[in-house]
Amino acid sequence: MNKKANLSLLLVMWALMLTACGNTGSDNSAENALSEAVSEETTESTNAVAEGAQTVPDGLVIPQDMTPVYADSLKDGEYNIKVDSSSSMFTVTDCVLTVNEGKMTARMTMGGTGYLYLFMGKGENAAEDGYIPFEENSDGTHSFTVPVEGLDMGIDCAAFSRKKEMWYDRTLLFRSDSLPAEAFAEGIINTAESLGLADGEYSVGVSLEGGSGRAKINSPAKLTVSNGEAFAEIVWGSSNYDCMTVGGEKFYPQNTEGNSEFVIPVTGFDYKMPVSANTTAMSTPHEIEYTLYFDSATITAE
């Protein structure tokens with residue numbers, strides 16, 4: 001007999017016992033028994049964990065070269081952050097990371113409304129006092145506010161399905177390379193000043209990640225330091241880019257012919273600097289997220 005049938009039977013038994021007692025309310029034993037039984041039934045219904053064919057393949061790959069980033073490496077504040085999930089059924093459409101006094105929390109807005117609770121851990125260990133309920137937003141979307149142990153590391157998160165009435169184990173990855181440079185504490189990211197770069201022209205090795213993986217840029221790139229600030233000349237492998245965005249500021253090509261060339265600020269060296277670029281190669285223009293890694297060890301004066 002399934003759980004819903006069990007609960008229905010309990011309700012019938014309760015009604016019969018109330019009738020037998022004359023429904024006077026003088027004897028609360030039947031009501032108390034039902035309350036305990038329903039509580040037990042509810043607890044049992046949230047203990048089931050999806051296994052085997054009930055789950056989808058884990059789609060999260062955590063790069064081996066990732067080093068966890070903890071709250072002490074960040075400045076207090078709120079930052080938009082990208083979250084990767086091990087399951088296509090658990091999609092985070094927006095996330096705001098809050099750093100405050102050495103602790104981090106994240107408010108994740110979901111792509112659906114199918115989960116009632118989250119538990120930061122494995123579903124088999126889910127305890128009721130650790131359930132995190134959803135918060136309904138004005139547009140009907142659901143958000144969960146969860147503690148974040150660290151960035152750039154796999155974090156266990158179990159999600160309780162409203163429809164299936166069971167826990168589904170997920171792994172989340174909060175990506176530090178989606179944070180702006182100003183989110184990091186002093187000394188965490190190398191800058192032109194911390195590297196002691198005098199005003200002048202240099203070359204620097206730069207690598208690109210993101211998108212489909214097919215986009216290319218020229219490396220080394222021309223690097224200019226002026227008044228202590230660094231700027232890089234980014235030359236794409238095609239002429240299909242008409243805009244780049246760095247730290248919310250838009251930059252446009254320096255040329256009208258040939259492959260797209262941009263001059264953008266370098267907010268930091270030796271970390272994956274988030275940028276986006278608008279491509280016209282598709283049927284409609286698309287803005288694509290990338291990261292640029294400027295390797296300070298390759299800086300050479302021109």
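**Backbone and core**

Guide: Pro-220 sits in the loop between β11 (200–210) and β12 (221–226); strands here are DSSP E runs of at least two residues, numbered from the N terminus. This is a predicted model, where local features need pLDDT of at least 70, side-chain atom pairs count only at pLDDT 80 or more, and totals for chains, interfaces and linings use all residues. Residues are numbered from 1 along each chain as its sequence is written, and side-chain values use heavy atoms, leaving out hydrogens and water.

Visitor: What kind of peptide bond joins Ser-219 and Pro-220?

Guide: A cis one, with omega about 5 degrees.

Visitor: OK, and what's the phi of Glu-101?

Guide: Positive, about 50 degrees, although Glu-101 is not a glycine. Glu-101 is in the loop between β3 (92–100) and β4 (103–110).

Visitor: Is Glu-101 buried or exposed?

Guide: Exposed, at 68% relative accessible area. The cut-offs are under 20% for buried, over 50% for exposed and partly exposed in between (1.4 Å probe, protein chains only).

Visitor: Switching to the core: which residues have the most contacts inside the largest nonpolar one?

Guide: Met-108 and Phe-174, in a core of 64 residues. Such a core is a set of buried Ala, Val, Leu, Ile, Met, Phe, Trp, Tyr and Cys residues joined through side-chain atoms within 4.5 Å. Strand β18 (residues 286–301) gives the largest share of this core, 5 residues.

Visitor: What does Met-108 touch?

Guide: Leaving aside residues up to four places away in sequence, its contacts (heavy atoms within 4.5 Å) include Val-83, Phe-90, Leu-118, His-142 and Phe-174.

Key: Helices (H or I, at least four residues) and strands (E, at least two) are DSSP runs, numbered from the N terminus.
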